[in-house]
Amino acid sequence: MKAFFQRLKLEWHSFVLILPLIAGMGYRFSLHENPALSITNYDTIAYVGSGEIDFFSLDFFTSNRPATISLTYKLLEPKTEYQYTNLVSPAENIKSPKTYQPGFDRVAITQAIFSTLTWSLLAVVIYRQLRQPFLKLSGALLVLLFAFSPQLADWDSILMSESISISFYALVLALTLELTAKIAQVETGWDRSTKLLMAVWLLVVVFWIFARDTNAYMLLVFAVVLGLGLLIPKLRPHFNLSYTLVVVALLLGLFFFHNRTLFMSSRWINPFFNNLLRDVLPYADRTQFFTDNGMPLTDEMLGFVDGPGNQKGFFEIEPLVAWVNEKGSTTYLKFILSKPAVTWERFISKAALVFSENTQPFFIPDYEVTPRWVFFMGDLLHPKSNSVYLAAALACLGFLISAHRSQSRALVGLAWIGAFFLLGQLGLLFMSLMGDALGLVRHAMGTAIHLRLSLWVFSCFILDGIGLAMQKTRP
């Protein structure tokens, strides 16, 4: 009889979980425009072009766009080819409503469905890992409202890298949380399901890092976390030695492969020129550092300083292009490391802009379909304030404290993986802001989303830890 009621309770929880999922999906598709409508950008043209390259060749990974996005366009391209009818560019003040674009409707719909599924899975995982019934529902619903608000869902209609990269991030986060909770409960080695989950996690990570180049630096964070699991005696029993060593080796090998193919490609050169244009050439001392390291300097280069970004004229200066290909990346790295005060000043000034916006700048929303109150609610979940940095750090600290007081191994594991994720995302923020002087808000979107989401998810786990600790102290 006891087993029957335990099973009934499990089935009841599963039924209750359906309610926020249905509500969230209804919110996503009833209060947003037709998912087949889209806009394209100059980057879209590059993705389509990269998709024409043979996938089973090194050239596919050294093209001018990340492999996961190029593969998406390759797999979804119709026989009639893609037809551009709505090309926009915020940098040139070209903006329009979304329209139907033959062929691209496949990509837009795929992005909307993939986003809905991945964020729904994250909501399910949050529901599973929380223990208090009210918090389980609140946590799942918060994740869905966060993901399906226009501030995030509108990117599914923009045919660039953001939607796919963000969706893979949600999937990586969901699998990481589930895997962490599972490993925390292990006492005598990994069973087949744990090994399978780790393999799936690794595969998803591969797709995620090839969706946006800066994501690759999280590979080092993951390798460190797994390495600590093997080095710290108290944690070692929770890990399978041989399997974990293989995964760490694969993560480090993947990091090397990604960086090698990135610098074999040309997709880092235009951002490098943007950094020269905005952060080097306007300053005599910084320019001197680069010329001392062999950079040729011409009057034509200095003439670009007052002009627009993404300056194609740099590519026409042959001695400069030759130097960039040979020494550009190493010189820029040396510049960052040898001038910490300048680097810190640049980072702080750029980081102050990350939360200045929370909506896409590419198309004009239809307020008859998506009412303004939906945007208002989205603003509450996606705050535009630099206080998010401090709030996320404090929430993380609170999660660690409440988790340890709860004495729940799973909750402690989730708290520490949350802390490492937070540190890793701040590292990605640094790489994003140092990597390109233009489009700062868009390039830092991944970290901004993580920090904003952390406020809500960490808060739920803090309350959950407090609830568990109170239960343990009751007589």
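Which residue forms a salt bridge with Arg128, and how far apart are the closest N and O atoms? The partner is Glu178, at 2.5 Å. A salt bridge here is a side-chain nitrogen of Lys or Arg within 4 Å of a carboxyl oxygen of Asp or Glu. The structure holds nine of these salt bridges.

This is a predicted model, in which local features need pLDDT of at least 70, side-chain atom pairs count only at pLDDT 80 or more, and totals for chains, interfaces and linings use all residues. Residues are numbered from 1 along each chain as its sequence is written, and side-chain values use heavy atoms, with hydrogens and water left out.

**Terms**

- Helices (H or I, at least four residues) and strands (E, at least two) are DSSP runs, numbered from the N terminus.
- Buried means under 20% relative accessible area, exposed means over 50%, and partly exposed lies in between (1.4 Å probe, protein chains only).

**Arg128 and Glu178**

- Arg128 lies in helix H5 (residues 104–129) and Glu178 in helix H8 (residues 162–184), so this pair ties together parts 50 residues apart in sequence.
- Arg128 is partly exposed, at 47% relative accessible area.
- Glu178 is buried, at 16%.

**Glu33 and Lys98**

- The side chains of Glu33 and Lys98 form a salt bridge at 4.0 Å, N to O.
- Glu33 sits in the loop between helix H1 (2–30) and strand S1 (37–38), and Lys98 in the loop between helix H4 (67–76) and strand S2 (99–100), so the pair links parts 65 residues apart in sequence.
- Glu33 is buried at 14% relative accessibility, and Lys98 is buried at 9%.

- Asp213 pairs with Arg267 in a salt bridge, with the closest N and O atoms 2.8 Å apart.
- Asp213 is in the loop between helix H9 (192–209) and helix H10 (218–231), and Arg267 is in the loop between helix H11 (241–264) and helix H12 (269–280), so the pair ties together parts 54 residues apart in sequence.
- Asp213 is buried at 18%, and Arg267 is buried at 10%.

**Helix H10**

- H10 has 14 residues and reaches 20 Å from first C-alpha to last, close to the 20 Å expected at 1.5 Å a residue. The expected span is 1.5 Å times one less than the number of residues.
- H10 is mostly covered, with 10 of its 14 residues buried. Among them are Met218, Phe222 and Leu226.
- The cover over these buried residues includes H8, H9, H11 and helix H19 (409–435), where contact means heavy atoms within 4.5 Å.
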